[in-house]
Amino acid sequence: MGAAILGNMKFTVGWLYPDLMNIYGDRGNILTLVKRAEWHGLEARVVELGRGEAQPMEDVDVFFFGGGQDREQALIYDDLRQFKRESLQASLAQGAQMLAVCGGYQLLGHYYQTADGQRYDGIGVIDVITEAGRKRFIGDVVVQAEIDGLTPSTLVGFENHSGRTFLGPEAQPLGKVLRGKGNNGSDHREGCIQGNVIGTYMHGSLLPKNPHLADHLIARALRRRGDDALSHLDDSTELAAHGWILQRAQRR
Ligand code: GLN
């Protein structure tokens, strides 16, 4: 259908806890979603979903939930359960998409337990649990993604986490780890895909160097409006950055 047909169609990005869950360049994911939506001819806007009373989420097409240190997760996990869970579940059931990174990814699961045993209950929209270890996993990540039709099929990013995440039967991995630690440093899997939710440990930020994943999220969100064909954009700069990380990871 492309830009001409999508002209002036509203596109809403819902940003969860922008003031507290936003580290290692996570904000770049918001900029990428907004810019690409505009380049595809959509009228993009961002709604900030901070702490406090539930805000209307029906119009949100793509949610973004960034990372945060244990301290920030402690400040928001109760609010997430009390004020956000129900409307998030309703929006996801109606076809909205979610991209959650690291600390956000962990709190969409059943719980996150810190290295000193503090447990922060999650909202269980994905079938994963996370328990922190003493050693942090830090460095480049390269993933062979398990998303049909994603081209290129690799995703690149940067990880910095103490959490070890384990997937339950309802959750599929986002992909296989080619470089880095991923979910837990032992099963060579990274991230999670379940329904309309994608969780990952990849900061960096993720989407500027993986424009194909940004378009995957935008197209899936538009599907409920009966069209998911996006115009082709010139991603040579973005994919050059992607390729550079791939090479660097191979050299190391
Ligand atoms: N606090 C969590 C952990 O250490 C998440 C960190 C993050 O979001 N980068 O695993």
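This report walks through the ring pairs, ring-charge contacts and salt bridges of the structure above.

## Ground rules

The model is predicted, so local features need pLDDT of at least 70 and side-chain atom pairs count only at pLDDT 80 or more, while totals for chains, interfaces and linings use all residues. Residues are numbered from 1 along each chain as its sequence is written, and side-chain values use heavy atoms, with hydrogens and water left out.

## Aromatic pairs

Rings of Phe, Tyr and Trp (its six-membered ring) pair if their centres lie within 6.5 Å; planes under 30 degrees apart are stacked, over 60 edge-to-face, and the rest tilted. That gives 5 aromatic pairs. Take Tyr17 and Phe65: their ring centres are 5.8 Å apart and their planes sit at 45 degrees, so this one is tilted. Tyr17 lies in the loop between strand E1 (9-16) and helix H2 (27-39) and Phe65 in strand E3 (residues 62-65), so the pair ties together parts 48 residues apart in sequence. Helices (H or I, at least four residues) and strands (E, at least two) are DSSP runs, numbered from the N terminus. Both Tyr17 and Phe65 are buried, meaning under 20% relative accessible area; exposed is over 50% and partly exposed in between (1.4 Å probe, protein chains only).

Tyr105 and Tyr201 go edge-to-face, because their centres are 5.3 Å apart with planes at 70 degrees. Tyr105 is in helix H4 (residues 103-107) and Tyr201 in the loop between strand E12 (197-200) and helix H5 (211-223), so they tie together parts 96 residues apart in sequence. Tyr105 and Tyr201 are both buried. Elsewhere, ring pairs make a cluster of Tyr77, Tyr112 and Tyr120.

## Charges over rings

A charge sits over a ring if NZ of Lys or CZ of Arg is within 6 Å of the ring centre and within 35 degrees of the ring normal. Arg119 does this over Tyr111, at 3.5 Å from the ring centre, and Arg164 over Phe137, at 4.1 Å.

## Salt bridges

With a side-chain nitrogen of Lys or Arg within 4 Å of a carboxyl oxygen of Asp or Glu as the rule, there are 10 salt bridges. In one of them, Asp215 meets Arg36 with the closest N and O atoms 2.8 Å apart. Asp215 belongs to helix H5 and Arg36 to helix H2, so the bridge ties together parts 179 residues apart in sequence. Asp215 and Arg36 are both buried.

Arg224 and Asp61 also form a salt bridge, at 3.2 Å from N to O. Here Arg224 is partly exposed at 33% relative accessibility, whereas Asp61 is buried at 1%. Shared partners also join Arg36, Asp215 and Asp235 into one salt-bridge network.
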